[in-house]
Amino acid sequence: MKPRRSTLSVPGHIEKMLVKACRQQVDVVMLDLEDSVPLEAKASARNRVIQSIHELDWRDITITFRINGLDTPFGYRDLLEVVEGAGPKIDAVVVPKVDHPKDIHFVSRMLDGIEASMGFSHRISIEAIIESAEGLEKITRIAKASSRLIALVFGIVDYSASIGARLISISGHGEKEEEIYPGHRWNFEMSRIVMAAKAHGLLAIDAPYGNFKDPQGLQRSTAVACALGYDGKWAIHPDQIDIIQQAFSPSEEDIERAVKVLEAHKQAKEKGLGAVAVEGRMVDQATVRLAEQLYAQAKFLNMV
Ligand code: COA
Ligand code: MG
């Protein structure tokens with residue numbers, strides 16, 4: 001699968017932003033029909049999204065789109081019209097407010113029918129946003145609901161509303177939270193999502209950081225997501241892309257360290273040893289697996 005380090009969310013009804021989005025050095029662009037689109041533009045945004053998928057030059061950017069919730073009058077129509085209109089160029093449909101595996105079953109079955117009816121050979125994937133207590137509680141069943149599912153995304157703002165948590169900033173995690181909570185307030189939810197995703201071979205994608213004029217805050221928020229095992233993070237503004245792309249790519253230092261570990265392991269194996277010391281630190285099979293994973297990622301990104 002192509003990397004999904006950064007996903008730029010673009011309001012589907014704003015032509016200027018769609019044009020700007022296709023020029024970005026970003027892994028994924030998510031054409032949004034949900035919360036960034038006002039009610040009066042819901043229908044016209046679908047056509048704008050279809051048109052822009054066909055007419056703009058997206059180069060090698062992965063294209064996804066987000067439908068409205070399945071409990072709204074818009075969600076099923078978004079799915080039907082946009083997939084019929086541009087299916088072969090769409091990598092995945094992003095489903096918001098996934099509270100139950102039946103939401104994923106519904107989307108998956110609809111995709112079966114639309115793809116068959118249109119004669120598409122390309123199979124569209126699904127990304128599920130977990131953004132309620134109910135969704136988090138049912139996350140294991142959601143994670144195995146369809147072979148089309150490729151990612152679980154943390155929707156932090158709606159999640160906060162669903163549990164009645166105080167929203168100290170509108171930035172997602174990383175801004176001012178240390179003032180009201182010792183430690184990282186979202187550690188449980190974020191780790192629960194990572195655990196479900198990784199147990200079922202899915203990617204874990206973090207919520208966006210809303211304060212787009214605060215690069216340090218974004219860096220902090222992204223570093224936490226990386227440390228917890230996330231594979232990528234949403235961006236809501238082009239200025240955020242670089243920081244996210246870099247944070248989710250191995251650094252030169254990371255690659256050097258991985259190479260040292262792999263070399264030490266090779267030598268140890270030749271001597272019939274399991275664990276060895278590298279620069280005063282113990283290296284065993286688990287460390288080797290971590291180094292192999294990092295090296296494979298660097299190779300995938302053409303960094304080695
Ligand atoms: N995608 C593409 N282009 C974007 C963009 C985005 N998400 N956000 C901003 N831009 C463009 C602007 O149109 C502007 O272009 P210009 O220089 O050609 O005029 C440029 O980037 C600079 O934007 P700026 O003036 O700093 O911000 P803004 O006030 O125009 O927009 C937001 C701020 C928050 C309204 C805007 O970034 C946005 O709508 N983001 C996406 C929100 C979203 O998708 N939410 C749902 C997912 S959580
Ligand atoms: Mg949401």
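This is a predicted model: local features need pLDDT of at least 70, side-chain atom pairs count only at pLDDT 80 or more; totals for chains, interfaces and linings use all residues.
**Ground rules.** I number residues from 1 along each chain as its sequence is written, and I letter chains from A and number ligands from 1 in the order in which they are written.

**Entry 1: around ligand 1.** I looked up which residues surround ligand 1. There are 15 of them. A residue is near a molecule if one of its heavy atoms lies within 4 Å of it. The closest are S9, K16, M17, I236 and H237.

I then sorted the shell by class. It has 8 nonpolar, 3 polar and 4 charged residues. Ala, Val, Leu, Ile, Met, Phe, Trp, Tyr, Cys and Pro count as nonpolar, Asp, Glu, Lys and Arg as charged, and the others, Gly among them, as polar.

Next I checked the elements. β1 (6–11) and α1 (15–21) each supply at least two residues of the shell. β1 gives the most, with 4 residues. Helices (H or I, at least four residues) and strands (E, at least two) are DSSP runs, numbered from the N terminus.

**Entry 2: polar atoms at ligand 1.** A polar side-chain atom of S9 lies 2.5 Å from an oxygen atom of ligand 1. For H237, an N or O atom in the side chain is 2.7 Å from an oxygen atom of ligand 1. I236 uses its backbone: an N or O atom there lies 2.8 Å from a nitrogen atom of ligand 1. How much of ligand 1 does the protein bury? Taken alone, ligand 1 exposes 890 Å², and the protein buries 63% of that. These areas come from the Shrake-Rupley method with a 1.4 Å probe.

Entry 3: I started with D78, in helix α3 (residues 75–86). Is D78 buried or exposed? D78 counts as buried because its relative accessibility is 0%. The cut-offs are under 20% relative accessible area for buried, over 50% for exposed, and partly exposed in between (1.4 Å probe, protein chains only). The side chains of D78 and R46 are joined by a polar contact of 2.6 Å. Such a contact is a pair of N or O atoms within 3.5 Å; within protein, one must be able to donate a hydrogen and the other to accept it, and residues adjacent in sequence count only if both atoms are side-chain atoms.

D206 came next, in strand β7 (residues 203–206). Its relative accessible area is 0%, so D206 is buried. A polar contact of 2.6 Å links its side chain to that of H173.

**Entry 4: positive phi.** Most residues other than glycine have a negative phi. I noted K97, which is not a glycine but has a positive phi of about 45°. K97 sits in the loop between β4 and α4 (101–118). At 29% relative accessibility, K97 counts as partly exposed.

N302 is not a glycine either, and has a positive phi of about 60°. I found N302 in the segment after α12 (285–300). N302 is exposed, with a relative accessible area of 69%.

**Entry 5: one more helix.** I looked up Q246, in helix α10 (residues 241–247). Q246 counts as exposed because its relative accessibility is 60%.

Key. Side-chain values use heavy atoms; hydrogens and water are left out.
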